Amino acid sequence: MAAQEVFASQLDRDFLPGERSAMPSKVLEVENLGVILEGEQVLSDISFSIEAASITAIVGPNGSGKTTLLRALLGLLPCQGRISWTPGISMGYVPQRFAVPPSLPLTVTEFFLLKSGRLWRPDLAFIKHLPHELELMGLPLSVLDRPLGSLSSGQLQRLMVSWAMVTHPAVLIFDEPTAAVDVGFSDTIYQIMHRLIHERGTTILLVSHDLNVVWTHASQVLCINRSLVCQGPPQEVLTPEALRQLFGEVGWYHHPHGHHHLGEGSPGEER
Amino acid sequence: MASLPIAQLCIAAVIGAASGAIGSFILLRKMALVGDAVSHVALPGIAVALAYRVDPFWGVITVLLAAAAIIWWLEARSRLPVDALVGLLFTASLAIGILTIPDTEILESLFGAFPALSPLAFGATVGAASLSLLLTFWLARPFLFAIVSEDLARIGKVGRGYELLLLVIFSVVVALGIKLVGTLLMGALTIIPAAIARNLSAGMRQYMITAAVLGATISIAGVAAASIWSIRPGPVVILLGVGVFALSLPAVGLKRPAG
């Protein structure tokens, strides 16, 4: 299976988009970003940039403003400073929590049709494409006719990833993509991310609590705790001292060679 | 048995269908009570129109559009308890309306009655209701998108303007429907068909179509029954709807597989 091959190439972290263009192009530039929510300065003084066809991971303790940062980048929050995306770039977003009331009369197919732009006379090519997308996420085809509110939380999370990717956006933004799913799916998602980067030059931005994942997959790390604490390649940035500073004395510990971590807290709630 | 009033049945059909269609979104937005309160705002509008001797419709549509704008503005400020505020504001207008409308007109305003319509007014009413119905179906995707997730809708280029548009269509339908069932019951005419349809539907397209068809059917049946027995159509329409809702309840357990 192609995804397995990609998984094998995950060590190829130094992959550069240079195969496509001579210079690695910047997809996003952020300067002095600040966000005030209900009178409280939640984020301040954040500057970084993101290159095309890369994975950027945002890490930080609970309540540090990671989700707020994503929402600001998506244009969902008023903010200070400058956020400049490549003009007209398409984006897919998988929110951390997505719940629908069980009584919502909306089938999974119709949920996808919201994205296609046509609800009443669906684009047949789009409909034909859906089984493939579901298969990729390990969802049975039978979910297409089921009400969205009847899916389990794990199925819904897989579906949200699939939904975000269905229109092949140039940028994918994930807020804890693997919080509610089992380990097998977590691997699947990261295999797919690498495949997207190689095949489509997709740029990925994600929040993760799993430092192993960050260590293995990310080309750039942004440590957030109300402001930017550190940034750079995970091997340089995620030092024991830096992690202690970011998460406090107890909490996260990363062992680069053994690939396991101790004292993992529950991901918990984000603001 | 008197012959059935064809013009009234036509009006009942299109207004019923339009109410069912737009009501399907009002119900999903959990604005059922807000919608009810909005229809009460119509009363002061009727009072003013009667005082200036213009068609009550114009008074109603003016105040309803203002109400729609107020709700839209309040919704953007999510910290405010919108339903409570809207409920207070608009039941106050019900009280004002009852005090200001002449006693001879009050029953008609509250519970609806068919005035004799000129051909022009008939055409305008049917036309406006049909247009509202078509627009609701045409804009179903953005309306629905914003209900499913405001964030994802914004990223999908569906802005808040659509929410205002939804409330405007709702206001127009309520203003038209007040002639049919009156201000007290108009909120119910928008909610009942949608509530029944939700019990019967798994998907959105089925839900909207069912709501529109039920709205039309209940309204036609109510107006016909009212004409045969010479009673007020409004209460008959609503009671019929509630009856069908009760019949639809057993379907809920069958339709929805457990989570």
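A:E40 is partly exposed, with a relative accessible area of 35% (buried is under 20%, exposed over 50% and partly exposed in between, using a 1.4 Å probe and protein chains only). It is a handy starting point for a walk through this predicted model, in which local features need pLDDT of at least 70, side-chain atom pairs count only at pLDDT 80 or more, and totals for chains, interfaces and linings use all residues. Residues are numbered from 1 along each chain as its sequence is written, chains are lettered from A and ligands numbered from 1 in the order in which they are written, and side-chain values use heavy atoms, with hydrogens and water left out.

## Charged pairs

Side chains of opposite charge can pair when their charged atoms come close. The partner of A:E40 is A:R226, and their side chains meet in a salt bridge of 2.8 Å, N to O (a side-chain nitrogen of Lys or Arg within 4 Å of a carboxyl oxygen of Asp or Glu). This pair joins distant parts of chain A: A:R226 lies in the loop between β8 (220-224) and β9 (228-232), A:E40 in strand β2 (residues 40-51), and 186 residues separate them. Strands and helices here are DSSP runs, numbered from the N terminus: E of at least two residues for strands, H or I of at least four for helices.

Over all chains, the whole structure has seven salt bridges. Another one brings together A:R82 and A:E31 at 2.4 Å, N to O. Here strand β4 (residues 80-85) of chain A supplies A:R82 and strand β1 (residues 26-37) of chain A supplies A:E31, 51 residues apart.

A further salt bridge is formed by B:D151 and A:R71, at 2.2 Å from N to O. This pair crosses between chains, from helix α8 (residues 150-155) of chain B to helix α2 (residues 66-73) of chain A.

| Residue | Relative accessible area | Class |
|---|---|---|
| A:R226 | 28% | partly exposed |
| A:R82 | 38% | partly exposed |
| A:E31 | 37% | partly exposed |
| B:D151 | 22% | partly exposed |
| A:R71 | 21% | partly exposed |

## The disulfide

How many disulfides does the structure hold over all chains? There is one, formed by A:C223 and A:C230 with their sulfur atoms 2.0 Å apart (the cut-off is a pair of cysteine sulfur atoms within 2.5 Å). The torsion about the S-S bond of A:C223 and A:C230 is about -60°, so this disulfide is left-handed. Both cysteines, A:C223 and A:C230, are buried. By contrast, A:C79 is partly exposed at 34%, and B:C10 is partly exposed at 35%.

## A sheet in chain A

Six strands of chain A make an open sheet in the order β5-β6-β7-β3-β8-β9, with mixed pairing (two strands pair if DSSP finds at least two bridges between them). Its edges are β5 (91-94) and β9, each pairing on one side only. Within the sheet, strand β3 (residues 55-59) and β8 of chain A pair in the parallel sense over four bridges, and A:T56 stands opposite A:Q220 in β8 of chain A.

## The nonpolar core

The largest nonpolar core has 168 residues, and A:F111, A:L148 and A:L159 touch the most other members (a core is a set of buried Ala, Val, Leu, Ile, Met, Phe, Trp, Tyr and Cys residues joined through side-chain atoms within 4.5 Å). Helix α1 (residues 6-28) of chain B gives the most to this core, with 13 residues. Leaving aside neighbours within four places in sequence, A:L148 is in contact (heavy atoms within 4.5 Å) with residues including A:F98, A:V100, A:F111 and A:L159.
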